[in-house]
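Let's walk through a protein model together, one question at a time. Have the picture open beside you as you read.

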Amino acid sequence: MQFEMSSLIPVLPEVFLLTMACVVLVVDLFLKDEQRIVSYALAQIALLLAAGLTVAVGSAETQIIFDNHVIRDPMSDLLKTTICLVSAGAFLYAKDYLRDRDLFKGEYYALGLFAVLGMMVMVSANSFLTIYLGLELLSLSLYAMVAFNRDSKAGSEAAMKYFVLGAIASGMLLYGISMIYGATGSIVFQEVANGIPNTDMNDMVLVFGLVFVVIGLSFKLGAVPFHMWVPDVYHGAPTSVTMFIGSAPKLAAFALAMRMLVDGLGALHADWQQMLVIMSVLSLATGNVIAIAQTNIKRMLAYSTISHVGFILLGILAGTQEGYTAAMFYTIVYSIMALGGFGIVIMLSRRGFEADQLDDYKGLHDRSPWYAAMMMLLMFSMAGVPPTVGFFAKLFVLDAVIRVDMVWIALFGVFFSIIGAFYYIRIVKIMYFDKPVDDAPLAPVGMDTQVLLTVNGLSMLGLGLFPAGLLTLCSAALS
Amino acid sequence: MENIYLLIVLSPLVGAIIAGFWGGQIGRVGAHWVTSAGVGIAAVLSLFVLYGFISGDNQVFNGSVYTWMVSDGLKMEVGFLVDHLTAVMISVVSFVSFCIHIYTIGYMADDEHNWPQESLAGKNSYQRFFSYISLFTFSMLMLVMSNNFLQLFFGWEAVGLVSYLLIGFWSVRPTAILANMKAFLVNRVGDFGFILGIAAVVMYTNSLDYAEVFKAVPGLADTQIQIFGDTNWSLMSVIGILLFVGAMGKSAQVPLHVWLPDSMEGPTPISALIHAATMVTAGVFMVARMSPIYELSETALSFILVIGATTAMFTGLIGIVQNDIKRVVAYSTLSQLGYMMVALGASAYAAGIFHLMTHAFFKALLFLAAGSVIIGMHHKQDIRDMGGIRKYMPKTYWTALLGSLALIGFPGFSGFFSKDAIIEAVHHSTIAGSDYAYAMVLAGVFVTALYSFRMFFLVFHGEGPRDEHAREHLHESPKVVTIPLVLLAIPSVCIGYFTVDAMLFGDWFAGALHVLPQHDTLGELGKSVHGANSMLGHVFLSPPFYLAMAGLFVAWFIYMKQPSLAEKIKGLFAPIYTLLDKKYFFDEIYQAVFAGGSRGIGSFFWNKGDRKLIDEIIINGSANNVGRFAGLVRNIQTGYLFHYAFAMILGLLFLLTWFVIF
């Protein structure tokens, strides 16, 4: 194995981000409490530059480096850029929230940057080992972030549950990987893919390995029945962390699925398709139905995540170019929607008041018409009401599924979307038609946050009116 | 030329938009200037186009200006077909509309009195009215200039919509609301047939373009289709009759005529606009434009002939017993529309369009004269309260006299040429129903003269208004009202004489209207009559003249000479009087059968279907069940870590067994 300096170029964003995470960690040691803004600024600069670098080193061709363990292709470019931007948005929303609660610490940003680095490694992984590395880096950072408010009982409990369940899932994933290694003799995706035809197709070891790998993946995505952690973690974690977990890591999880299932185990499509069908159906049903019974908006959005994951799985299980494109479109759109949705929750909360009950949104229109309008756009988009982008995301997925003659599952998806529309539109109803419980004026928020929220909300409409641009990007990234 | 055509259509639209959206800003004067200017431009350019065709400089234009969409080879476009027929139509429409715009300035001058105080709708109502009538003109121009069925349908519906807005313009009056709803609903019935007809055209020719459709239809002449069961229907008859059902709605033919008399609830200028130049003539125009289709189906032609003849005769009879000045004119419109339809049914399309044109002028004139009288009488409309108005309103009197003479077809007036041509064309027609139609239109001449001059004598002659107060205030209307009267009186009198040669016996419509040799009733007529002078020469040899004179005389005798006779006749023929007074009970039957029936069906579906089945069982039932289920399953989320881990293991076991078994 010979190391060439030039092979560092494709991973320049990751290298840069790693450096910056360390810089934040070190610089923060020398800052006084009122100077924490510097850590924040460094983190934002790191994310934006990483996004810029990703675009700069990106190209239409595929580069495989580090002895086939790392890959850089158009898909990784698009996903990494989106991850960086969405994370930057999450940091921006979180700034005031953290400051209000004395959580405005450098560690938050260091952990956040490491989590982003973990996601980027997952996206660029070309072997089971790399992917596991990225996954653990992400997970460990997130465990710590969930417990970031260490005085909060709910936060610690959530972190504990997340950690234990995450450890089980990791164990299963590793176990699955080892079985696949045993069956095919490799952990590099292309070699695994080449090795499968040489094995007996009914090889139990291979299929068992596949099951374990899919379970590890489903845990990360939060698909039923491996979703149990989602509501508790979303609920218990500080809202800023919930927002972070709910948005960017979904992109990484999508990459995880694409790399492992499509690149590595594509030959077993018929097998994993069945598993994904089961999990997607369960996710759509469970997520949408249970969300109706929630009174806490963070929990409600947690169940909504589960149902959206069902849709993403639908796109992947179609197993066609169109299906992958639709799933990618859906994931990107979802991460932006989730960012905005939690962003509103953050902006309405203040010290000692989390704004996480549905009642807190009563009469929001009277208190702030603009927030209410943005929230309405986001909720309509999540529900899939045209002309918001959420409609097209669902449409493309359903189209892809119908094209592979799985009409019943598309109908199932539509059916549960209708049920799901209820709780999204209930929020709109609460905001516009109910009398406010609390007439206190809203806490003032910075101009940067307001601009971001406006861009975020209007992007639902903008992308919905002109969905072709993003769709073309996704399509090109996967071809 | 394309730009000119665009300008003709768009200038009224621009006026309507400005007056409609910025009526408050530009004020009343601004509104009537901008809309009148828009329609004025359209009128001048239309006349210029018409002149171009007369002088032979203009070529027939057929082209699209905008492609809306192409779906499966079916082009949906906005396009213009401007030929001799269109040129006549746009000139008539825009000229009459222009006169009405000017007239409206006077008529609506104190419209605020028509609204209750504090009424929001009463604010800027003057501007809104101008916006509507300009929009109406735009819609009608789009309709007549169209070169495809889609745009025709657009214009058709737009005319229907704006007529709805205009008839119910005084939206605080319950009668007006009822009338505009009635107009809208009855038109929907017609439009349903119309769109089915268009659908049939598209289905068999896969095109919306007139030229392509007309090229394709001769090949489909013998096509038989099956609609219900195994009965064979001629495709052309089906298309023709379906399209004509649309025309029956718009052009108010029996039995879809009921909306038109009620539309008198709108302000008089729009009554004139609807009845003279726009809307009701749309059906006549459409049938003429579709002549290549109708020529292929004698069944459809006979259908038109019979419906038209029935309308011409029987609605005229109702006119005799009406006492509201505007309603008399309204029934006269119905009757005259019947004449136009008869002409179309007899394949004398040119005569139909010719009558449409002459009628547009003299009917607009009569309406505006009636409006002028109504202004003078302070918005009283009962002719029994009038009388002797001649002394007070000389200009109105003389113009109304000219209009009435034109209407009854007095020799030399424009109505004479058009009506005589229709009667003679029907006489030459040989298709089924033509004998019936001939009898009806002949009798109609007598009836027309009777009701026209009954109204004329009761309004203008005899003793002065009974009401002292009304008499004191009675005076001639302002110039904005009388000038349009004079402007319209001129063509009412003489346009027939000057154009009959070209339009009926010349080759003016050669490229626009298609008549098969065996249907060519006008050609037949042309063998014995050679033009205007020759028609005048035949006056004393033809029955219509004597019938008209008889009607005039009877009207004079009953209502002037022996007023007591009217009451006696009424007593003598009480059942017939009631029948006419109740308009053959059409309204009552419709109210009971259709309105009552559909309300019954509606409330059945509402109670049993919507409330019981859908709301209670399906919607609320499923919502309740989902809610209950959600409440149950949320208990699965216990919060205990070992339960969660257990769920994961269960999931793992399930997936593994799945693969072991399958």
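A salt bridge is a side-chain nitrogen of Lys or Arg within 4 Å of a carboxyl oxygen of Asp or Glu. Keep in mind that this is a predicted model.

Q: Which residue meets Lys161(A) in a salt bridge?
A: The N to O distance between the two side chains is 2.8 Å, and the cut-off is 4 Å. Both partners lie in helix H6 of chain A, four residues apart, about one turn of the helix. The partner of Lys161(A) is Glu157(A).

Q: How many salt bridges does the structure hold over all chains?
A: The pair Lys161(A) and Glu157(A) forms a salt bridge. Counting over all chains, the structure holds 25.

Q: Are H1(A) and H2(A) roughly parallel or roughly antiparallel to each other?
A: Helix H1 (residues 12–29) and helix H2 (residues 37–57) of chain A have axes 9 Å apart and pack at an angle of about 170°. Angles over 145 degrees count as roughly antiparallel. Therefore H1(A) and H2(A) are roughly antiparallel.

Q: How many nonpolar residues does the contact of H1(A) with H2(A) have?
A: On the H1(A) side, the residues include Phe16(A), Leu17(A) and Met20(A), and on the H2(A) side they include Leu42(A), Leu47(A) and Leu53(A). By class, there are two polar residues and one charged residue, and the nonpolar ones number 17.

Q: Are H11(B) and H14(B) roughly parallel or roughly antiparallel to each other?
A: In chain B, the axes of helix H11 (residues 280–289) and helix H14 (residues 325–345) come within 10 Å and cross at roughly 5°. Angles under 35 degrees count as roughly parallel. So H11(B) and H14(B) are roughly parallel.

Q: How many charged residues are in the contact of H11(B) with H14(B)?
A: Among the residues that meet here are Val284(B) and Val287(B) from H11(B), and Leu337(B) and Met340(B) from H14(B). The contact divides into eight nonpolar residues and one polar residue, while the number of charged residues is none.

Q: Which helix gives the largest share of the nonpolar patch?
A: Leu579(B), Phe585(B), Ile589(B), Val593(B) and Phe594(B) make a nonpolar surface patch of about 450 Å². Three residues form the largest share, and they come from helix H26 of chain B.

Q: Which residue does a cis peptide bond join to Val254(B)?
A: Omega for this bond is near 5°.

Notes
Residues numbered from 1 in each chain as written. Chains lettered and ligands numbered in written order. Predicted model: local features only at pLDDT ≥ 70, side-chain atom pairs only at ≥ 80, totals over all residues. Heavy atoms only, no water. Axes fitted to C-alpha atoms, helices over the stretch in contact; angles between N-to-C directions. Helix = DSSP H or I, 4+ residues; strand = E, 2+ residues; numbered from the N terminus. Parallel < 35°, antiparallel > 145°, perpendicular 65-115°, else oblique. Contact = heavy atoms within 4.5 Å. Nonpolar A, V, L, I, M, F, W, Y, C, P; charged D, E, K, R; others polar. Patch = residues over 30% accessible without salt bridge, like charges linked within 9 Å, V, L, I, M, F, W, Y side chains within 5 Å. Areas by Shrake-Rupley, 256 points an atom, 1.4 Å probe, with all protein chains shown as cover.
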